[in-house]
Amino acid sequence: MVPQNKSKEDHDEKHGNKSKAVKASPAHSTVALIEEEMEDVDPWNLPELKDTGVPWSALDTKGKVLRVLVSVGKLVLLLGFLYIFICSLDILSSAFQLVGGKTAGDIFQDNSVLSNPLAGLVIGVLVTLLVQSSSTSSSIVVSMVSSGLLTVQLAVPIIMGTNIGTSVTNTLVAMTQAGDRSTFRRAFAGATVHDFFNWLSVLVLLPLEVATGYLYEVTKLVIDSFKIQSGEAPDLLNVITDVLTESIIQLDESVLSGIATGDAEARNKSLVKKWCQTFTNATLMNVTVPGPENCTSPSLCWVDGNYTFTLKNISKTYNVQKCKHLFVDVHLPDLFVGLILLAVSLLVLCSCLVLIVKLLNSMLKGQVAAVIKKILNTDFPFPFGWVTGYIAIIVGAGMTFIVQSSSVFTSAITPLVGIGVITIERAYPLSLGSNIGTTTTAILAAMASPGDTLANALQIALVHFLFNISGIILWYPIPFTRIPIRLAKGLGNITATYRWFAAVYIICCFFLLPLLVFSLSLAGWQVLVGVGGPLVVILIIIVVINVLQKRKPGCLPAALRSWDFLPLWAHSLAPWDKVVGVITAKCCCCCKCCQVAADDQEHREKECVENNNKPHREVYDNPAMSAEKEVENEIKIELKILKMTQL
């Protein structure tokens, strides 16, 4: 027997009616589930690089041989692109020296400004940005100290500034990975962890140095204790890269040092090296002198009328062999040559970086990625886990010593952090080791100085070394003090949401802020303290309130427990993001409108040309044709009349 409810449902289905007794289960939105899952996923976890290819065990002999050949070919291409990448960084440094090198020398020459430690710090940052090489700016400082134009105490803040300026290169490299949000988050944080370490070290050690002379006194004690003899800095990676870079451009480094030391002739010389081999000959010649007291000796002095003559060795330099590079015979100003090299090197640098990232993504898959991640990111067993970071510091120092450039090493690991091979926690000690590695190269270079200037040159190099060691002691041994990692992750989260903020960060921290401090320093320390003091106090108050809001909001008044009492634009980037979006949209619309207008104009011009090129035809009425048409029309009318009469 069929139940009544069932028969009713069948009746309703037959007649197409919907049963009101049926109750649907409550609907659940999948949006909330997705949001919960996204909240649970840590954006800083390394992504899984999945192997989408055929497994090795499933390949036949031919397939295995082909895969091995392809892998070897990719490795060779990777090494080739890495080589070109390093060479392009070297060319980029030369380009910046050509564009702003003489300006850098002029800045260093102003000794009155350098007496202000804060101004010296900013000058070190700006000059390193101009020449894009901390080794070049450090060598200028060393030459000034050696010549007696600059004391070691005044050179200490400049060395600190060069440490900050050299960290902008890898930050710019991270900008090339802005296409993917998660990759950009990791890459930009991995690059700026180096920046934050340098800035925080300066904030602590510069006031300490001004108050106590800590770096100067310790390095002087080391120099006085050891009898160090002169040596030569080894050429490691330069032996390989100079083959390509010196065939493109060669610079005369003595010109920059000459400008910094006040040589008037150096200002009129070109930085582009013309003659690579010269010969200096000293000849004993008769020369006139103002009086007998200026003669070389009484026996080599005679008077002829109103003139006094003496014998003197006159040195004359003869050009023997020209350099062999692309710009040796190009008669262009240094600025134009620098701009050409700057554009080309940036293009090659970005292209190589993109290709390196693509190759790494294709190579680091499956088991290979798992092995590399395990080697780079795994800590030692429990009792010795703390040793892992220090080994990473040693590895970073050794690799930087080999490539002889901290910019090259940190720029090379930045894309690895972006694609998820290295964690930021591991990139941090590698960057710290890179800072040490670049100072050891400077120490060896200083040891090549002459005996009379060896002590001062070596002391400046040791100041750089001790500054980085002190920074590591401050910001690494205790996990709680690894503040640069937290700051870099915070900045990475912001730039992942608002990618335009990365450009704002670079412009403000490396250009606008140093220029502001430098301008205030030129006005005098009274103006610097009067303007900068209140700004620093306000910044400290904001930082303290932010920390208390996150950790102990109960200690604050109710109004200060959040920044909601301020306008939205004062505590959120969302309104600024809308402004940037509107500006970019208008720019894009203007570009599109201009393109459409240009296309319409071009189309009209083409139509006019086509109309002008068409042959003009004049139509005349033919009387014969007109008569025939009239006859046809009369016949049609008669036929219509006949049909109507029949009806």
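**Entry 1. Overall composition**

I began with the secondary structure of the protein, which comes to 25 helices and 3 strands. I note here that the model is a predicted one. I then looked up burial across the protein: of its 647 residues, 36% are buried. For the contacts with a separation of 6 or more, I found that 76% join residues 24 or more positions apart. The accessible surface amounts to about 38700 Å², and carbon and sulfur atoms account for 65% of this area.

I turned next to the interior. In soluble globular proteins, nonpolar side chains tend to be buried together. The largest nonpolar core here has 80 residues, and the members that touch the most others are Phe 85, Met 160, Ile 249, Leu 341, Tyr 428 and Phe 510. I recorded that helix α9, residues 181–212, gives the most to this core, with 13 residues.

**Entry 2. Helix α17**

I examined helix α17, which covers residues 406–419. Its 14 residues reach 21 Å from the first C-alpha to the last, close to the 20 Å expected at 1.5 Å a residue. Is this helix enclosed by the rest of the structure or left open? I found 13 of its 14 residues buried, so α17 is largely enclosed. Just after the helix, Gly 420 takes a positive phi of about 95°.

Within α17 I looked up Thr 410. Its relative accessible area is 1%, which lies under the 20% cut-off, so Thr 410 counts as buried. Apart from neighbours within four places in sequence, Thr 410 is in contact with Asn 170, His 194, Ser 431 and Ser 434.

**Entry 3. A nonpolar patch on the surface**

Finally, I looked at the outside of the protein. A nonpolar patch on the surface is formed by Val 99, Leu 332, Leu 335, Phe 336, Leu 339, Ile 340 and Val 344, which together have about 560 Å² of accessible area. Helix α14, residues 334–363, supplies the largest share of the patch, 5 residues. Val 344 is found in this helix. I noted a relative accessible area of 48% for Val 344, so this residue is partly exposed.

Note on methods:
Residues numbered from 1 in each chain as written. Predicted model: local features only at pLDDT ≥ 70, side-chain atom pairs only at ≥ 80, totals over all residues. Heavy atoms only, no water. Helix = DSSP H or I, 4+ residues; strand = E, 2+ residues; numbered from the N terminus. Expected span 1.5 Å × (residues − 1). Buried < 20%, exposed > 50% of the residue type's maximum accessible area, 1.4 Å probe, protein only. Core = buried A, V, L, I, M, F, W, Y, C linked by side-chain atoms within 4.5 Å. Patch = residues over 30% accessible without salt bridge, like charges linked within 9 Å, V, L, I, M, F, W, Y side chains within 5 Å. Areas by Shrake-Rupley, 256 points an atom, 1.4 Å probe, with all protein chains shown as cover. Salt bridge = Lys/Arg side-chain N within 4 Å of Asp/Glu carboxyl O. Contact = heavy atoms within 4.5 Å.
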